[in-house]
Structures are given as structure tokens and as C-alpha cells.
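Hi everyone, thanks for making time. Let me put it on the screen.

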Amino acid sequence: MNGLNGKTAVVTGAGSGIGRASALRFAEEGANVVVADVVEETGQETVDLIEDAGGDATFVEVDVSDTESVERMVDVAVDVYGGLDFAHNNAGILTGFADVTDIDEAQWDQLIDVNLKGVWACMKAELPVMDEQGSGVIVNTASESALAGMGGLSSYSASKHGVVGLTKSVALEYATRGVRVNAIAPGPTKTNIQENTAGGSADPRSLPFDTSAMRDVPMDRVAEPEEMAGVVAFLCSSDASYITGHTVPVDGGQAAD
């Protein structure tokens, strides 16, 4: 990818799944990576993988729903690497299938705090650094459920619809300031968030993940996290220099069906 080598990227939720794949891809392209995750053990494993491959990475423990924690994450990027060029705001949670009347207030608040407030908190901390530099790219992780309603996932879908709206609005605010903001909308992907939810209850919608997900995918398979990471890297590259404010479905054709 053009324009990633020697730059600095922050990836949240980088201890596993799409976040880990994204962090590894940034490193593969020559970027320094701040590996941010709420779990130190898995985050450090990602750092070790990058360093074993000859890359440069630094772990920072972060809870994206805590604005002070997020601010420290960005401070680490600036202190260690001198700036911040790319951010993949990827951290998210999925608490399981439930009808809207069965979601309690604590579950609702937790999902919104991590999935939507967390993206806002990250951008709020990242944008001043990028604005001062006059350059930068942010990619937020939305979801296929941000592009359509999904029965049994109303709180998750609402949080991810919010990510799409936030992405569009911030992209417009910074369109003339050298900062681009986009999102990806992953379809079914082999990650912990999916595997831990599917099959995790007696709900008939919770079939084994591969079985339930593939029923709705025209390409008839589940994505690998690396396929999401490739799109993130492209959106951050200079090859995507005229793309901002968009949510890119990476879904095996679901949005076309």
C-alpha cells in the first residue's frame, strides 16, 4: 500500500480478531503500531507477533469507554513515535441475541458506551493531533448490522448505525483539513466476538457461527480477519486519497442481495 511505510497507526481492540489482523497488516506495510486493547495479555501477544516479524509496536491498555484512558493511548503514540497518522477504531462488543424488550438498561448502556461512545472518544482524542499535522486517516469499524436492521440485535445494530452517522458527520467536518474518515462494515468474520455469541444461548438464531452466518452470504463463506485488514490498509493508503465519509461493506455480497 502506498503511503503507510514509516507512519504511525493506532488500532483498538488489537488483541484479537479484526484488530489484531489490522495491527499486523499496518506493521507489514512498514508502519509503527500502537496496539491498544483492554486485555493486556492478548494485546502483548499482538506486539510480540509484530516484533517477531521485524516490526515496531507498543502496547497500551485502554478502555475505549473511558475518555481519559483513550487520551493516554493517543499520548503514547505521540510520545513514542512523534505523531499519529492512522487510527483504526475497532474495539467493540456483542452481548448476544435478545428481543428489544428483553434488553436491560445495563446491557444497552454497555453496548453504547463501548461501540459508539468509544468511537467518539477515540476520534475526539485522535483528531487534534491529526488536525495539527494537517493529515491523517481514521477508519471506524461498523458492521453489516449498520446497513440494515437485524432482529435480535437491536442494541448492537443501533450502536453500529451510530458509528456510520458519526463517521459521515466527522468526515464532513474535516474534509478540507487533510483528515479523511471512513468506516468498514464487516460481514460474518471469524472473530471472538462472533464465535462467543453464536451458539451461546438457546435462542434459535444462535446456531453454530459458520452455519448461521453462511446462510445469508452470497459468497457462501465466512470472512477471515485479514480480509477486513486489507480494506483498512487500503482506506488509509494514498491510493484512497479521494475517499472520505463512506462505509465500505466487506461482506461477501450481503449488501448486494
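Let's begin with the second largest pocket, which holds about 160 Å³ of space. Please keep in mind throughout that this is a predicted model. Lining that pocket are 14 residues, and those nearest its centre are Lys7, Phe86, Gly136, Val137 and Cys236. Sorted by class, the lining has 8 polar residues, along with 3 nonpolar and 3 charged ones.

How many cavities of 30 Å³ or more does the structure hold? The count is 1, and the volume of the largest cavity is about 30 Å³. If you want to find it on the screen, look for Thr12, Val64, Asn89, Asn90, Ala91, Val114, Gly118, Val119 and Cys122, which line it. Which helix gives the largest share of that lining? That would be helix H4, residues 105-133, with 4 residues. The lining of this cavity has no charged residues; by class there are 5 nonpolar and 4 polar.

Helix H3, residues 67-81, lies against H4 at an angle of about 35°, and their axes are 9 Å apart. The crossing of H3 and H4 is right-handed. On the H3 side, the contact uses Thr67, Val70, Glu71, Met73, Val74 and Val78, while H4 brings Trp120, Ala121, Cys122, Ala125, Glu126 and Val129. Those residues divide into 9 nonpolar, 1 polar and 2 charged.

The axes of H1, residues 17-28, and H2, residues 40-52, come within 10 Å and cross at roughly 25°. The two helices are therefore roughly parallel. Their crossing is right-handed. Here Arg20, Ala23, Leu24 and Ala27 from H1 meet Thr42, Glu45, Thr46, Leu49 and Ile50 from H2. In this contact we have 5 nonpolar, 2 polar and 2 charged residues.

One last stop, for anyone who likes backbone geometry. Which residue has a positive phi although it is not a glycine? Asp220 does, with a phi of about 60°. You will find Asp220 in the loop between helix H7, 209-214, and helix H8, 225-236.

That's my tour, and I'm happy to go back to any part of it.

How values were computed
Residues are numbered from 1 along each chain as its sequence is written. This is a predicted model: local features need pLDDT of at least 70, side-chain atom pairs count only at pLDDT 80 or more; totals for chains, interfaces and linings use all residues. Side-chain values use heavy atoms; hydrogens and water are left out. Axes are lines fitted to C-alpha atoms, for helices over the stretch in contact, and angles run from 0 to 180 degrees between N-to-C directions. Angles under 35 degrees count as roughly parallel, over 145 as roughly antiparallel, 65 to 115 as roughly perpendicular and the rest as oblique. A crossing is left-handed if the near helix is turned anticlockwise from the far one by less than a right angle, and right-handed if clockwise. Contact means heavy atoms within 4.5 Å. Ala, Val, Leu, Ile, Met, Phe, Trp, Tyr, Cys and Pro count as nonpolar, Asp, Glu, Lys and Arg as charged, and the others, Gly among them, as polar. On a 1 Å grid over the protein atoms alone, a cavity is a set of points where a 1.4 Å probe fits but cannot get out, and a pocket is an open set with protein on both sides within 12 Å along at least five of seven lines; lining residues have an atom within 4 Å of a point. Grid points are joined across faces, edges and corners, and a volume is the space filled by probe spheres set on the points.
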